[in-house]
Every structure is written in structure tokens, then in C-alpha cells.
Amino acid sequence: MELHKSALAKSFILSVDMAHAVHPNYASKHEKSHSPAMNGGIVIKTNTNQRYATNGVTGFVARELGRRAQVTVQEFAVRNDCPCGSTIGPVLSTNTGISAVDLGMPQLSMHSIREMMGCKDLTSAVRLFATFFKDYNGLRSSMRLDN
């Protein structure tokens, strides 16, 4: 049982899907400093209503992995007057106790027949994921979290 608890404490979930890029016809739906652009890099998604699993620590981990992978990381926070969907990240993190971050690649027209995304974002994401597998354990062991 202790080995299982230790494994959970050392684990980390990358909850990855897509993120809403700023649509030119609906730019007012995004905050100016949280406006993901296609081909602008992978997006860290946060929501104060916990619709995404990202918190301060897990967001830091994603930003640091992006820095190490030499990829641009964008930030997205849902406006508090706009409803949004959720991901599996909060459910997995809550049910397992594993820290999680929600990431996505920016796309236009999510859930329509004309969805589109930038190829550079996929390449950036793959580099970040490879860096996660290479560097996460070292990053985790170098972090000091005061409880």
C-alpha cells in the first residue's frame, strides 16, 4: 500500500486535448492577455471554477517543461462571465490524488465540421511531451513545496 501511495505522489497527469483559439469574429470572448493563437504554441488552460485541473504548481511545471523544450507556451483563462466545458483532468486528479495540468493546442471552430489547428502547435506539443518524459522526475525532485 505504501508503494502505491508513493507512486501516486510522484505521478503527474498531462490532460491534453484542444483549446479555443481566438476567432476573429468573436475576439471579445477572450481576455486580451489570454488569447491563444494558432501556431502560437501549446496552451495551459485554467479556470477559477475548477473546470480544468491546472493550479499554480502544475501550471509552473508545464511552463518549465516548455522552457526546457524551447517551445512557446500560451496561457488561457476562461472569462468568469462565459461558461465553458471541462476535461477529464479534474476528474482524474480528484479520483486519484495525482497532480494534473490541462493543456491544449489552439484551434478554431471547435466541435464544428470545419475545425482547424496549426501544424506548428502539434510539433511544439510533441517536443513538450518528449521533454516531460525526459525531465519530469528531475524537475519534481528539485521542487520544494511548502505545505
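1. Helix packing. In this predicted model, helices α2 and α4 pack with their axes 9 Å apart, at an angle of about 115°. The two helices are therefore roughly perpendicular to each other. Angles from 65 to 115 degrees count as roughly perpendicular. The crossing of α2 past α4 is right-handed.

2. The α2–α4 contact. On the α2 side, the residues involved are F60, V61, A62, E64, L65, G66, R68 and A69. On the α4 side, they are R127, L128, T131, F132, D135, Y136 and L139. Sorted by class, nine residues of this contact are nonpolar, two are polar and four are charged.

3. The core. The largest nonpolar core counts 16 residues. F12, I42, V61, L65, V101, L103 and L128 have the most contacts inside it. Two or more residues come from each of β2 (42–46), α2 (56–69), β4 (99–108) and α4 (119–142). Helix α4 gives the largest share, five residues.

4. V61 and L65 of α2 belong to the α2–α4 contact, and both are among the core residues with the most contacts. L128 takes part in the helix contact from the α4 side. L128 is also listed among the core residues with the most contacts.

5. F12. Which residues does F12 touch, leaving aside its neighbours within four places in sequence? The contacts are T58, V61, I98, S99, V101, F132 and Y136. V101, like F12, is one of the core residues with the most contacts.

6. R67. This residue sits in helix α2. Is R67 buried or exposed? R67 is exposed, because its relative accessible area is 54% and the cut-off for exposed is over 50%. R67 and L108 are 41 residues apart along the chain, and their C-alpha atoms are separated by 26 Å.

7. Positive phi at Q70. Most residues other than glycine have a negative phi. Q70 has a positive phi, near 60°. Its place is the loop between α2 and β3 (73–77). Q70 is exposed, with a relative accessible area of 67%.

8. Positive phi at S109. S109 is not a glycine, yet its phi is positive, about 60°. S109 lies in the loop between β4 and β5 (116–117). Its relative accessible area is 29%, so S109 is partly exposed. Please check the backbone at Q70 and S109, given the positive phi at Q70 and at S109.

Definitions and conventions. Residues numbered from 1 in each chain as written. Predicted model: local features only at pLDDT ≥ 70, side-chain atom pairs only at ≥ 80, totals over all residues. Heavy atoms only, no water. Core = buried A, V, L, I, M, F, W, Y, C linked by side-chain atoms within 4.5 Å. Buried < 20%, exposed > 50% of the residue type's maximum accessible area, 1.4 Å probe, protein only. Helix = DSSP H or I, 4+ residues; strand = E, 2+ residues; numbered from the N terminus. Contact = heavy atoms within 4.5 Å. Axes fitted to C-alpha atoms, helices over the stretch in contact; angles between N-to-C directions. Parallel < 35°, antiparallel > 145°, perpendicular 65-115°, else oblique. Left-handed = near helix turned anticlockwise from the far one by under 90°. Nonpolar A, V, L, I, M, F, W, Y, C, P; charged D, E, K, R; others polar.
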